[in-house]
Amino acid sequence: MSCVSKKRTNSEKRVFQEQRKKVAQENGKHIGLEGDADLEFLLKGGELVKIRSKSWKKNRKFKLHEDCATLYHESHKAFRENQTFPVDDIDSVRLGRQSEGLKKYTNTGDEDQCFSIFFKGKKKNLDLMAGSGVEAKQWVNSLEKITRYIRSLNRQQNSEHWIFECMRKADKNHDNMMTLKEVKAFMRQINIEVDSQYAEQLFRKCDTSNSGTLEGAEIKQFYDELTHRKEIDEIYGTYAQTEGQMSAGDLLNFLLNEQREQVSMEDALKLIKKYEMDGTAKQKKHLTKDGFLMYLQHEDTSIFKPAQKPLYQDMHQPLNHYYISSSHNTYLMEDQLKGPSSTEAYIKALMKSCRCVELDCWDGANGEPVIYHGYTLTSKVLFKDVIKAIKEYAFKTSDYPVILSLENHCTLEQQKVMADHMITILGDALVRKPLGTTIPTNFPSPEELKGRFLIKGKRLNKLDAAFNNDSTIEDENVSEEDEAADCKENSQKGKPKKKKIKLAKQLSDVVIYCKSVHFNSFEHSKNNQAFYEMSSFKESKAFQLAETSATGFIHHNMDKLSRIYPAGSRTDSSNYNPVPMWNVGCQIVALNFQTPHKEMQLNQGRFRPNGFCGYILKPEFLRSPSSQFDPNALTSGPWLQKKTFHVMVISAQQLPKLNKDKPKSIVDPLVRVEIYGVPADNASKETPHIDNNGFNPAWNESLQFDIHVPELAMVRFVVEDFDKASHNDFIAQYCLPLTSVQNGYRQVPLLNKRDDLIPSAGLFVHIMLMDAQ
């Protein structure tokens, strides 16, 4: 075929453009933005300056694809096609010079024209400049709107959108018809491998016009055949006892007996009104199979108890009665030896509801302290820039207090600069004296500390000095933090002596409720230390205490705060298992938020309930002074509530392909259900794998677990791609406390390793958490 014959005629171009316009209109309608001016602006697109350095500033065309879910921009590299990324990959869009790159490579006069697109995960942000401030604002508003709408689609809408987009990609010549070859390519695209005979059989069944292609209603029939779920037929058939449909009474029967929900006839009628699309059935107060499927795919049937999603716990207890979502070496984006430090790492952690961040502070140039990982090659970021970022993003996802855990290695002069920056930038939000008019004997509550910042660090005197305006105290030597000594121990041969540093009074004075002290023993702490004097424990020490003195550790945490941090030897930023630390009531269990492995997924699962506010009230038996709970040696008590946790893993829908670059790569999925809690409850069981089907694999596999202390148990669902030659590849996961699980037929949302939702994917399970016989 010659080059000339490959080119489209003007007539073909017009038809092609009309088709694309029609597709864009349909997709706009699908996401609820049909005819929207911001959507039209993005579909038309425009030129922006992409900025990478002082010298690398290039004009690039950006626009929204007609699928209304993908952005693409030109790339002038010969080996690279125009680059695309899903709208759902966007974490945030920020107007102005808010990225480190824009602050470095643009002038203050360009502020109005600049904006940045920040992505989920490790993908680098895009720094851009528009032709005017008005245009920049329109880009930001339009991108925020489309991102918001894409995320607001329900599971069924996401599913349909994804499938039809795969169909569109498989329709190589864009003629809105599908040949048998295109159908086979489409099935591989949606992660299902079928033999040619089945594909041809399905194709012929749907090709009612015998034209050799599927179009219009035939494609719709093909879609219906493909997405038909036999497991739903069986459930519906069992309960649809009225003229082949579910009456309101049938539905109520299902809700009471299967879903174990405390509902009435009124609730059943509301569900029919909400989910039934067929007018005749609705009039009869019946639910058709399609209506039932819509109900099962909605948030109402999520595994996560709806009552526990918003803020529901008592937030008026003392601060130390809560688990607090906490980060270690928050400034790091990657490893602990040579990775970059960034204000962006703080923003990401705070936006994930982290409520305790760490700042390793060292002397910097020009009298300005910097933050980085001491004794390593990690890059540095200005202390004041970090405080500014914390101030701006601390309370965007949660109103509850943020603790700034200081590792201070600065000279007196730069300590004074640190104190000045915190006082100036954080203003009245910084807690600089105890709440109330009398010397406190206990912590204030998260509710009382809403919107406030607490500083954790060394203090020169007792807290009562904050009431006495004690000005006699002067700069004094204090021992450095245990964590700093631990880092040195790992970077130097032999065990160095603990260093003393001089502490500035100005920095000491901003430490109120979180005074760092060395830990000697639980008895010493009880007899000699005030409630606000807290210790940090290296993981090895903390795990040893949790193993040998669990009850003592629990009682220590009833009076005081404990912070646990990963060992300095974890140079790859790996994490320890946080669950044993929660089991003994430790509040500030600090993890490397930048490392998206199982431990971080457990952390996010623990804090998923209660409005994802970063605070979870500990069980009563970890707060009550009379408690004799020991997670390692269970005795009878209020903690012992034996349960049987039964999970039927029924099926999965639309699992993502792992290797998108290889169209013939299909996953062989299996599901593992893991329990994390007291040692007696830790368990893991899995289904067999299903060959070549990530689209609609079905297992119908029953797994059962004995639970002793449900209030401390976490359940984690993991989907993997089976590989007999090597380790299975991770596909998706979901984690939440066992006490947040709903009984009955439930959808389990699936998240990627970074805990971001995979919109179209899900697990379908049947859950029963019952009192043990």
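1. The side chains of Lys-220 and Asp-224 meet in a salt bridge, with 2.9 Å from N to O. The term denotes a side-chain nitrogen of Lys or Arg within 4 Å of a carboxyl oxygen of Asp or Glu. Both residues belong to helix H9 (residues 217–227), where Lys-220 and Asp-224 are 4 residues apart, about one turn of the helix. Helices (H or I, at least four residues) and strands (E, at least two) are DSSP runs, numbered from the N terminus.

2. This is a predicted model, in which local features need pLDDT of at least 70 and side-chain atom pairs count only at pLDDT 80 or more, whereas totals for chains, interfaces and linings use all residues. Residues are numbered from 1 along each chain as its sequence is written, and side-chain values use heavy atoms, with hydrogens and water left out.

3. Arg-229 and Glu-231 form a salt bridge whose closest N and O atoms are 3.1 Å apart. Arg-229 counts as buried, at 10% relative accessibility; Glu-231 is also buried, with a relative accessible area of 16%.

4. A further salt bridge links Glu-413 with Lys-416, the closest N and O atoms being 3.7 Å apart. Both residues lie in helix H17 (residues 412–426), 3 residues apart, about one turn of the helix. Glu-413 is exposed, with a relative accessible area of 55%, while Lys-416 is partly exposed at 27%. Elsewhere, salt bridges that share partners join Arg-672, Glu-674, Glu-686, Arg-716 and Glu-720 into one network. A search of the whole structure finds 30 salt bridges.

5. Where is Gly-585 placed? Gly-585 occupies the loop between helix H24 (579–583) and strand E23 (588–591). Its relative accessible area is 0%, so Gly-585 is buried. Beyond its neighbours within four places in sequence, Gly-585 is in contact (heavy atoms within 4.5 Å) with Tyr-323, Asn-557, Lys-618 and Leu-622. Gly-585 and His-321 are 264 residues apart in sequence, yet their C-alpha atoms are 8.3 Å apart in space.

Terms used
Buried < 20%, exposed > 50% of the residue type's maximum accessible area, 1.4 Å probe, protein only.
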